[in-house]
Amino acid sequence: MTAQDYENWTRTLRRHPGQLRALLLCNKLLTGLIYVSYPALLLVLLATQPIALPRVVLTPAISFILLSLFRDRVNLPRPYEALDIQPLIHKTTKGHSFPSRHVFSVTVIACAFLYIMPWIGIVFLFFAVLMSVIRVLGGVHFPRDVVVGFALGLLSGWIGFVLL
């Protein structure tokens, strides 16, 4: 991705403040929805399927820690650092762009839902794809960051909920 690519992708959003507000609102709402839904899932499991609770807690937790350690070690710059762009999503974080932890988290949580309530998991996988697009258009991640975050979220879910 170049600065020119980013400008081309976001030109319409910059020219239409309503669309830009919708993008920013979607970013906040999706993030909030996922992070409220996961504890709700844990409470439901505690009441109805306590045997599944450790797997649904440990798979995302261990994966998140491993991803965070990897991300700290790699520490790649964000698009607004590497390119001369003004991101649509205001962020001041330096580095830690690869892989996207937002997209990873949504994806591994979607896998937890797939394991317990498949239809909600499918909806949440769609949310992960939508979050990927939002994070790239927002200028806080490169396409590679969200693709790898999504893939690692799926891999973690597959290992934690299918293989083990």
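1. The structure is a predicted model, in which local features need pLDDT of at least 70 and side-chain atom pairs count only at pLDDT 80 or more, while totals for chains, interfaces and linings use all residues. Residues are numbered from 1 along each chain as its sequence is written, and side-chain values use heavy atoms, with hydrogens and water left out.

2. Helix H1 (residues 3-15) packs against helix H2 (residues 17-48) at an angle of about 110 degrees, and their axes are 4 Å apart. H1 is therefore roughly perpendicular to H2 (a term for angles of 65 to 115 degrees). Helices here are DSSP runs of H or I with at least four residues, numbered from the N terminus.

3. In this contact (heavy atoms within 4.5 Å), Thr-12, Leu-13 and Arg-15 of H1 meet Pro-17, Gln-19, Leu-20 and Leu-23 of H2.

4. Most residues other than glycine have a negative phi, and most peptide bonds are trans. Asn-75, in the loop between helix H3 (53-74) and H4, has a positive phi of about 50 degrees although it is not a glycine. With 37% relative accessibility, Asn-75 counts as partly exposed (between the limits of under 20% for buried and over 50% for exposed, with a 1.4 Å probe and protein chains only).

5. His-96, found in the loop between H4 and H5, is not a glycine either, yet has a positive phi of about 55 degrees; at 22% relative accessibility, His-96 counts as partly exposed.

6. Phe-98 and Pro-99 are joined by a cis peptide bond, with omega about -15 degrees, and Pro-99 lies in the loop between helix H4 (79-82) and helix H5 (101-116).

Conventions. Helices (H or I, at least four residues) and strands (E, at least two) are DSSP runs, numbered from the N terminus. Axes are lines fitted to C-alpha atoms, for helices over the stretch in contact, and angles run from 0 to 180 degrees between N-to-C directions. Angles under 35 degrees count as roughly parallel, over 145 as roughly antiparallel, 65 to 115 as roughly perpendicular and the rest as oblique.
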